[in-house]
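Here is a friendly briefing to read alongside the model. Please keep the sequence and the 3D view open as you go.

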Amino acid sequence: MSDIPSQDSLINSFMQPLACAAIAPSLHSILVYDTTPETLQLAALIIAQMLEVINGYKVDLVTLGTYEDEDLLWGNLGLSVELEQQSLLWKQGLLTSGQNNSLQQIVVIPDLTKLNLAALRGGVTLMGADVAHLERHGQQAQWQPKLFWIAGCAYEEVKLISPHLLDRFALRLRLDISKNTDRVAEILKLLDEQNSDNKKPLEALPDEIIQSLNQARDLHPQITDKALNRVIEYTNILDIYHRREIALARLSLAYARLTRSLEITAEHIDHAAQMVGLKPLAKLPKLPATLPNNNSSNPVNTTNIEPLPSPPLPSPLPNPTTKLEEILEPNKTEDSVSTILPLRASDNPYPEDEEQDKSKVSSLQLPIGSFRSKTVDRGQFIGVEKASYIQDIAFVRTLLEAAKYQNIRKQSTGNSQQQLILLPTDLYRYRRAPVAEQMLMLVLDHTCLENCNWQKILPLYLSWAYVERASICLIQVGAKNARHQLQAQKIMAQSLLNPRIYEGIYKAGKGKATPLAHGLNLALQTLRHSLEHGRSTVQQVLLVVISDGRGNVTLTASQTNSPPPKVKREGIEDALNIAKNIAHFANFHNIQAVLLNPQSKAYPDLPLELAEALGAKVVDIPSLWDTSEVEA
């Protein structure tokens, strides 16, 4: 293995993997652990310089955050500014680099855990792909992607990412950056740099790196059998993620090209494994020619496992003094030495293997608790606005806008025919109210609120509904102002700010009967209508029940509005049966139930029976004389 003469810049622990990834198209995806957005952006700029040296043309940078949708990523139809053509133009997306001889792009993802679903799918589709296909809005395209992916992520949060996306990253790197400087001074310095007009440009690549990249471009080393066997020793033969051993072989090939070697040896494999922090696994015993029966009492002895010797570390080299390295490693002193280990030796570059059983990642599906529809135009329209796309067009307002300018347009275009000339600037679309995708359903028994401090604990759930912009369904049981004392009544509101909700909770008063069964039946009907009927967009329901369980009105009496001859336990049994139906319905939908127990001295077991039938969590409401803090 030949060494690089007088090229100290490539000895840097972070410059070597970047250079290897730049010269190998199969390594154009890097995941960096525990890095800062500034360092990640700087690494992307350095890669852009390397790609310009290798390919000979400019490279653009694209940053993906949390707001990109399908149209922005893949392209959409936009309005043309040409007055005569009156046509729609196809606008390319952020991930369509490679179409129509477009420039190569570097996709920078500052935090991989905050990437939205559309960008996650785009990464899985394009990362490492040789060809991409697009069929969208009548457009059909096929191209070779020209994307370089570099993402940042906290090492402890890798388990939150879909394994399909993690498997696409060829390299895993980690930087040890410890900042001992004053945080306040650092922020002030950053603000001064942003306010100043004369920003310092990025230092150009050293001549040594440019020469190495140019020479490595034309080399094609051959891999030896010993090197292939060494690759297997770093990967588990029973592992299903075969991209890892392929990535290690490709990284070794790129490193051999940088060192201008004509063949890939086991030393190249060891060096590449150290770049990403891989350790050799224990040597497995040779399996017999015929596998034993699973029911055999003499299993294969796997205790005689010999550990492989660790590869020798390279000899310490003097720390290079180029400005690029000072930016990448700002806290390195003159006495320190550079290594080729960007990963700490105690960390596994694939932490998702150890946390796989603990993580509950739904691969490429919307995460639980995310209820934000960006493409749904179903809310009630509250006006019109200028159209930026051709969906949900307000035709009447558009025709009225075009009619105002017909005389001028016919004169300017020489069109004497009685035809309406419609331009893209005339288009208007509906402005709609936001659609609530979460609901707070409150079943409030007004007959059990006298001796409990319910006004202290209920605002905890009302504040959740306000923050989440949830719709409100208030079911009043035993209210004084009810139209019928034997029936519960329902109030629906788009938000908590509706005055009817405040009056129904705090101004209703206590009635003479408790139609709890009818109130729960109204709740069940509303749940079915909101979650299964029509074009409802409700995705999650928080069901809060405040009751002592003492329902003294049967469901039949409430439906017929006739008093029962005798008051027995039938009303309680009806309420428990309907509660069980609600619990069965909640098994198939995203419904969370909570019962606030007023802790009544009479029949204290009834609220617990009702909570068990509902499958609800029980939260005790403190009495009026209890001054302790309330936790929900």
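His242 is partly exposed because its relative accessibility is 44%. The model is a predicted one, in which local features need pLDDT of at least 70 and side-chain atom pairs count only at pLDDT 80 or more, while totals for chains, interfaces and linings use all residues. Residues are numbered from 1 along each chain as its sequence is written, and side-chain values use heavy atoms, with hydrogens and water left out.

- His242 sits in the loop that links α8 (225-233) and α9; helices here are DSSP runs of H or I with at least four residues, strands are runs of E with at least two, and both are numbered from the N terminus.
- From His242 to Asp167 the C-alpha to C-alpha distance is 9.2 Å, although 75 residues separate them in sequence.

**Two cavities**

- A cavity is a set of points, on a 1 Å grid over the protein atoms alone, where a 1.4 Å probe fits but cannot get out, and its lining residues have an atom within 4 Å of a point.
- Grid points are joined across faces, edges and corners, and a volume is the space filled by probe spheres set on the points.
- With this rule, there are two cavities of 30 Å³ or more.
- The largest cavity has a volume of about 50 Å³, and its lining includes Asp167, Phe169, Arg243 and Tyr350.
- Helix α9 (residues 243-258) gives the most to that lining, with three residues.
- Five nonpolar, no polar and four charged residues line the largest cavity; Ala, Val, Leu, Ile, Met, Phe, Trp, Tyr, Cys and Pro count as nonpolar, Asp, Glu, Lys and Arg as charged, and the others, Gly among them, as polar.
- The second largest cavity holds about 40 Å³, and among its lining residues are Leu171, Leu248, Val276 and Leu278.
- For the second largest cavity, α9 again gives the most to the lining, with four residues.
- The classes in the lining of the second largest cavity are eight nonpolar, no polar and one charged.

**The six-stranded sheet**

- Strands of a sheet pair through backbone hydrogen bonds, either parallel or antiparallel.
- An open sheet with mixed pairing is formed by six strands in the order β16-β15-β14-β17-β18-β19, where two strands pair if DSSP finds at least two bridges between them.
- Its edge strands, each pairing on one side only, are β16 (489-493) and β19 (617-620).
- Neighbouring strands of the sheet are turned by 15° against each other on average, direction ignored.
- β16 pairs with β15 (residues 471-477) in the antiparallel sense over five bridges, and Met492 of β16 stands opposite Cys473.
- Gln489, Ile491 and Ala493 make up the covered face of β16, whereas Lys490 and Met492 make up the uncovered one.

**Helices α19 and α16**

- Helix α19 (residues 606-614) lies across β17 (540-546), β18 and β19, at about 180° to β18; axes are lines fitted to C-alpha atoms, for helices over the stretch in contact, and angles run from 0 to 180 degrees between N-to-C directions.
- Asn521 belongs to helix α16 (residues 516-532) and counts as buried because its relative accessibility is 14%.
- Beyond its neighbours within four places in sequence, Asn521 is in contact (heavy atoms within 4.5 Å) with Leu555, Gln559 and Ile578.

Conventions. Buried means under 20% relative accessible area, exposed over 50%, partly exposed in between (1.4 Å probe, protein chains only). On a 1 Å grid over the protein atoms alone, a cavity is a set of points where a 1.4 Å probe fits but cannot get out, and a pocket is an open set with protein on both sides within 12 Å along at least five of seven lines; lining residues have an atom within 4 Å of a point.
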